[in-house]
Amino acid sequence: MSQYTQPQQPQQPYAPAQTPGTLPARNGLGVAALVLGIIGTVSGLIPFFFWLAGILGLIALILGLAGRGRAKRGEATNKGVTTFGAVLGLVALVLSVVGAVLTFKAVDDVVTDINKAVQESSASAKPAADGEAAAGEGAAGEGAAGGTEGKDDVLRQGDSAVYDDGLEITVGAPAAYTADEFAVGHTKGNSAWTVSVVIENKGKEKFDTALVGVDARAGEDGVDAEQIFDGQIGAGFDGTVLPGRKITAKFAFDAPADAGNLTVEVSPGFDWDASQWELKL
């Protein structure tokens, strides 16, 4: 009896060990930090956008530091981008602080200038010492706080407008003037008149006459009296007036021949209200 041998079953090959899948890099924090840092830095360079630069810069700095932590743990691969975003966030914060300081200083300067213009431009009347204008007429100059007290709104010839900061302006009596043939501003048939304007600085700071304006109106209708310029008159004021000193300039104006009065207005500058003198021709 023959013996049968069962054929040997083929051995199954061993399956290779399965390797775990690789997790994707978490680079979102670094990218967000970079984008916010760029926007924040640009905002810091734009006036009045310091607040936006501060907010975005702070967020970019936080995200950048968090992204660097991920990169150190091997969870992210954009360490350079994350670092650059954090740096830009810090720059945006610095620009935000600088912008805030500059903005608040600019606003404070504007408020100070407004307060100075309101508080220091008022003028009071000082009647002429030689009696050219009677004190009983109650002449007064205009001021920022409602003008000066008195019955009139203008000063008379020889009166002075005294401002709170020590500036004192005096306008003298008008005098007839003959303009030369090359004069500018004089109309044939009209009359020419000159007035002397004296500025005395009784304050503590020097006064710049560059912005002093002198204008005039003539007659009851108040028509503009054009200023006359010729070879002898019309230069006006020039330079500065030191404390305790004074400066005088003559101005000529063209008025209709039948005008009986000349209203002269002197404006010392932006920080002072103009004062008016009513002069009889």
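Two strands count as paired if DSSP finds at least two bridges between them. The views below show a predicted model.

**View 1. Strands β2 and β14 pair at one end of an open sheet.** In β14, W277 is the bridge partner of L155. β2 and β14 run parallel and are joined by 2 bridges. The sheet holds 5 strands in the order β2-β14-β13-β8-β9, with mixed pairing. Its edge strands are β2 (155–156) and β9 (223–224), each of which pairs on one side only.

**View 2. Strands β13 and β14 form an antiparallel pair.** β13 covers residues 261–267 and β14 covers residues 275–280. The two are linked over 6 bridges. N261 stands opposite K280 in β14. V264 stands opposite W277, and W277 is also the bridge partner of L155. Strands of a sheet pair through backbone hydrogen bonds, in either the parallel or the antiparallel sense.

**View 3. Helix α1 has a buried face.** The helix has 17 residues. From first C-alpha to last it reaches 24 Å, close to the 24 Å expected at 1.5 Å a residue. Its buried residues are G30, A33, G37, G40, T41, S43 and G44. Seen down the axis of α1, they fall within an arc of 150°, so they line one face of the helix.

View 4. The largest share, 3 residues, comes from α2. L45 sits in the loop between α1 and α2. L45 counts as exposed because its relative accessibility is 63%, and the cut-off for exposed is over 50%.

**View 5. R26 and E75 form a salt bridge.** The closest N and O atoms are 3.4 Å apart. The pair links distant parts of the chain, 49 residues apart: R26 is in the segment before α1, and E75 is in the loop between α2 and α3. R26 is partly exposed at 43% relative accessibility. E75 is also partly exposed, with a relative accessible area of 27%. Salt bridges that share partners join R26, R73 and E75 into one network. A search of the whole structure finds 5 salt bridges.

**View 6. K202 pairs with E168 in a salt bridge.** Their closest N and O atoms are 3.1 Å apart. K202 lies in the loop between β6 (191–201) and β7 (207–208), while E168 lies in strand β4 (residues 167–171), so the pair ties together parts that are 34 residues apart in sequence. K202 is partly exposed at 44%. E168 is buried at 7%.

**View 7. E200 and K246 meet through their side chains.** The N to O distance in this salt bridge is 3.9 Å. E200 is in strand β6 and K246 is in strand β12 (residues 246–255), 46 residues apart. K246 is exposed, with a relative accessible area of 52%.

**View 8. G99 is a buried residue of helix α3.** The helix spans residues 79–120. G99 has a relative accessible area of 16%, so G99 falls under the 20% cut-off for buried. The C-alpha atoms of G99 and F50 are separated by 5.3 Å, although the two are 49 residues apart along the chain.

Key. Residues numbered from 1 in each chain as written. Predicted model: local features only at pLDDT ≥ 70, side-chain atom pairs only at ≥ 80, totals over all residues. Heavy atoms only, no water. Helix = DSSP H or I, 4+ residues; strand = E, 2+ residues; numbered from the N terminus. Buried < 20%, exposed > 50% of the residue type's maximum accessible area, 1.4 Å probe, protein only. Expected span 1.5 Å × (residues − 1). Arc of directions from axis to C-beta. Salt bridge = Lys/Arg side-chain N within 4 Å of Asp/Glu carboxyl O.
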